[in-house]
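Subject: Structure handover

Dear colleague,

Here is the structure I said I would pass on. My notes on it follow below.

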Amino acid sequence: AAKGKLKAAIASSAALAERMQTSKQEPRVLVVDDNDFVRKSVVSVLGQAEEIDVVAECGDGIDVAAVAQDVRPDVVVMDLQMPIMSGIDAAWILRSAQPSARVLILSGLITMQSVQEAAGAGASGYLQKDGDAVSLLQAVRIVAAGGTHWPRDMVLAGSHLQDSAQR
């Protein structure tokens with residue numbers, strides 16, 4: 001049953017990514033990471049994609065709600081672990097302040113607990129920082145198109161992740 005859910009999730013994500021690529025609307029993206037190098041690198045990768053519009057960046061979760069109110073992003077690519085306010089706490093606040101913004105957590109830490117916390121906070125996806133540019137672009141496209149992007153092994157272990165992000 002879990003393998004069937006994984007296959008369905010992958011097929012659904014691929015279909016959403018394809019729809020996003022043919023859509024004329026550019027998703028507006030806010031990038032949040034306390035590490036300046038990582039933040040600038042993510043902005044650079046996303047900025048090279050013609051169909052993605054990076055509208056702002058900030059260095060901590062505490063600034064997310066205010067910046068999001070100003071720029072109205074479709075997707076917030078946000079670090080999990082930040083010194084003042086974590087990505088999980090910021091996702092909870094963002095969910096109330098701007099429910100239409102979809103959160104993609106970007107982190108070097110990947111545990112079932114961290115992924116479940118992200119899903120519980122309303123995130124639409126979770127991506128490891130050690131991935132490549134193609135993975136980042138694909139995840140942003142999928143999330144922007146209304147889909148979810150979770151680590152495959154976590155989907156197998158916790159098939160409720162997609163349901164959590166839909167709340």
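Just after helix α6, Gly 146 takes a positive phi of about 100°. Helices here are DSSP runs of H or I with at least four residues, strands are runs of E with at least two, and both are numbered from the N terminus. This is a predicted model, in which local features need pLDDT of at least 70 and side-chain atom pairs count only at pLDDT 80 or more, while totals for chains, interfaces and linings use all residues. Residues are numbered from 1 along each chain as its sequence is written, and side-chain values use heavy atoms, with hydrogens and water left out.

Helix α6 itself covers residues 133-144. Buried residues in α6 are Leu 136, Leu 137, Ala 139, Val 140, Arg 141, Ile 142 and Val 143. Buried means under 20% relative accessible area, exposed means over 50%, and partly exposed lies in between, with a 1.4 Å probe and protein chains only.

Arg 72 also has a positive phi, of about 50°, although it is not a glycine. Its place is in the loop between α3 and β3 (75-79). Arg 72 counts as partly exposed, at 45% relative accessibility.

For the chain as a whole, the secondary structure comes to 8 helices and 5 strands. Along the sequence the pattern is α-β-α-β-α-β-α-β-α-β-α-α-α. Of the 167 residues in the chain, 47% are buried. Among contacts with a separation of 6 or more, 67% are between residues 24 or more positions apart (contact means heavy atoms within 4.5 Å).

Now the helix pairs. Axes are lines fitted to C-alpha atoms, for helices over the stretch in contact, and angles run from 0 to 180 degrees between N-to-C directions.

The axes of α2 (residues 36-47) and α6 come within 10 Å and cross at roughly 70°. The two helices are therefore roughly perpendicular to each other. On this scale, angles under 35 degrees count as roughly parallel, over 145 as roughly antiparallel, 65 to 115 as roughly perpendicular and the rest as oblique. Val 42, Val 45 and Leu 46 of α2 meet Ala 133, Leu 136, Leu 137 and Val 140 of α6. By class, this contact has 7 nonpolar residues, no polar and no charged. Ala, Val, Leu, Ile, Met, Phe, Trp, Tyr, Cys and Pro count as nonpolar, Asp, Glu, Lys and Arg as charged, and the others, Gly among them, as polar.

α3 and α4 pack at an angle of about 35°, with their axes 9 Å apart. Their crossing is right-handed; a crossing is right-handed if the near helix is turned clockwise from the far one by less than a right angle, and left-handed if anticlockwise. From α3 the contact takes Val 64, Ala 65, Ala 68 and Gln 69, and from α4 it takes Ala 90, Ile 93, Leu 94 and Ala 97. These divide into 7 nonpolar, 1 polar and no charged.

α4 (residues 87-97) also meets α5 (residues 112-120), where the axes come within 9 Å and cross at roughly 15°. That makes α4 roughly parallel to α5. This crossing is right-handed. Ile 88, Trp 92 and Arg 95 of α4 make the contact with Ser 114, Glu 117, Ala 118 and Gly 120 of α5. The classes are 3 nonpolar, 2 polar and 2 charged.

Val 64 lies in α3 (residues 64-71) and is buried, with a relative accessible area of 1%. Leaving out residues up to four places away in sequence, Val 64 touches Leu 30, Val 32, Cys 58, Met 78, Ala 90 and Leu 94.

Leu 106 lies in strand β4 (residues 102-107) and is buried as well, with a relative accessible area of 7%. Leu 106 and Leu 127 are 21 residues apart in sequence and 4.9 Å apart in space, C-alpha to C-alpha.

Gln 81 lies in the loop between β3 and α4 and is exposed, with a relative accessible area of 52%. Beyond four places in sequence, Gln 81 touches Asp 34 and Leu 109.

Regards

Note on methods
The expected span of a helix is 1.5 Å times one less than its number of residues.
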